[in-house]
Amino acid sequence: MTCTDFLSKLTDYFDGQIDAALMVEVKTHIAECHHCEVVLDTTKQTIAFYKDSEVYEFSPELRDRMHNAIMKKCQPAK
Ligand SMILES: [Zn+2]
């Protein structure tokens, strides 16, 4: 699983729409990739915040912002 794969599954992960095999891949990736681990933590906190205020919605903007941030950090070292 790459960072891009991980990000594309992130909403499914939080929606509980992810199957067991994929969940294993996600967890494996997080264990190996610190950046995605941070993204996951940040997303969890964001969702917790929005759930509290009852306006939970995983907006495309939020997703894009996270995607851009993580892809910047995960650029292969040259
Ligand atoms: Zn990653």
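Predicted model: local features only at pLDDT ≥ 70, side-chain atom pairs only at ≥ 80, totals over all residues.

Biologist: Good to know. How many helices and strands does the protein have?

Modeller: Helices (H or I, at least four residues) and strands (E, at least two) are DSSP runs, numbered from the N terminus. Here there are four helices and zero strands, giving the pattern α-α-α-α along the sequence. Contact means heavy atoms within 4.5 Å. Of the contacts between residues at least 6 apart in sequence, 67% join residues at least 24 apart.

Biologist: Now the metal. Which residues are the protein donors of the zinc ion?

Modeller: Donors are N, O and S atoms within 2.8 Å of the metal (3.2 Å for Na, K and Ca); water is not among the atoms, so sites may look incomplete. In this model the zinc ion has C3 (SG), H29 (NE2), C33 (SG) and C36 (SG) as its protein donors, at 2.1 to 2.3 Å. Their spacing in sequence is C-x25-H-x3-C-x2-C.

Biologist: And what geometry does the site have?

Modeller: Four donors count as tetrahedral if all angles lie between 85 and 135 degrees. The four donor atoms of the zinc ion make angles of 97 to 113°, and the site is tetrahedral.

Biologist: Are H29 and C36 buried or exposed?

Modeller: Buried means under 20% relative accessible area, exposed over 50%, and partly exposed in between (1.4 Å probe, protein chains only). H29 has 7% relative accessibility and counts as buried, and so does C36 at 0%. H29 is found in helix α2. Leaving out residues up to four places away in sequence, H29 touches M1, T2, C3, F6 and C36. Across the protein, buried residues make up 31% of the 78 residues.

Biologist: What should I look for in the core?

Modeller: In soluble globular proteins, nonpolar side chains tend to be buried together. A nonpolar core is a set of buried Ala, Val, Leu, Ile, Met, Phe, Trp, Tyr and Cys residues joined through side-chain atoms within 4.5 Å. The largest one here has 16 residues, and those with the most contacts inside it are F6, L7, L10, V26, C36, V39 and L40. Helices α1 (3-15), α2 (20-32), α3 (34-52) and α4 (60-73) each supply at least two residues of this core, and α1 gives the largest share, five residues.

Biologist: Which residues does V39 touch?

Modeller: Not counting residues up to four places away in sequence, V39 touches F6, L7, L10, M66 and I70. L7, found in helix α1, is buried at 5% relative accessible area. L7 and C36 are 29 residues apart along the chain, with their C-alpha atoms separated by 8.1 Å.

Biologist: Where does L40 sit?

Modeller: L40 is in helix α3, and with a relative accessible area of 5% it is buried. Its contacts, leaving aside neighbours within four places in sequence, are F6, L10, Y13, F14 and I30.

Biologist: How do I read the sides of a helix?

Modeller: An α-helix has 3.6 residues a turn, so residues three or four places apart point the same way. In α2 the buried residues are L22, V26, H29 and I30. They fall within an arc of 100° seen down the axis of α2 (the arc of the directions from the helix axis to the C-beta atoms), so they line one face of the helix. The face turned away from the buried side of α2 carries exposed residues, among them K27 and E32.

Biologist: Which residues of α4 are buried?

Modeller: They are L62, M66 and I70. These cover an arc of only 55° around the axis, which puts them on the same side of α4. P60, E61, R65 and K72 are exposed on the other side of α4.

Conventions
Residues numbered from 1 in each chain as written. Heavy atoms only, no water. Tetrahedral: all angles 85-135°; square planar, octahedral: opposite > 155°, others 65-115°.
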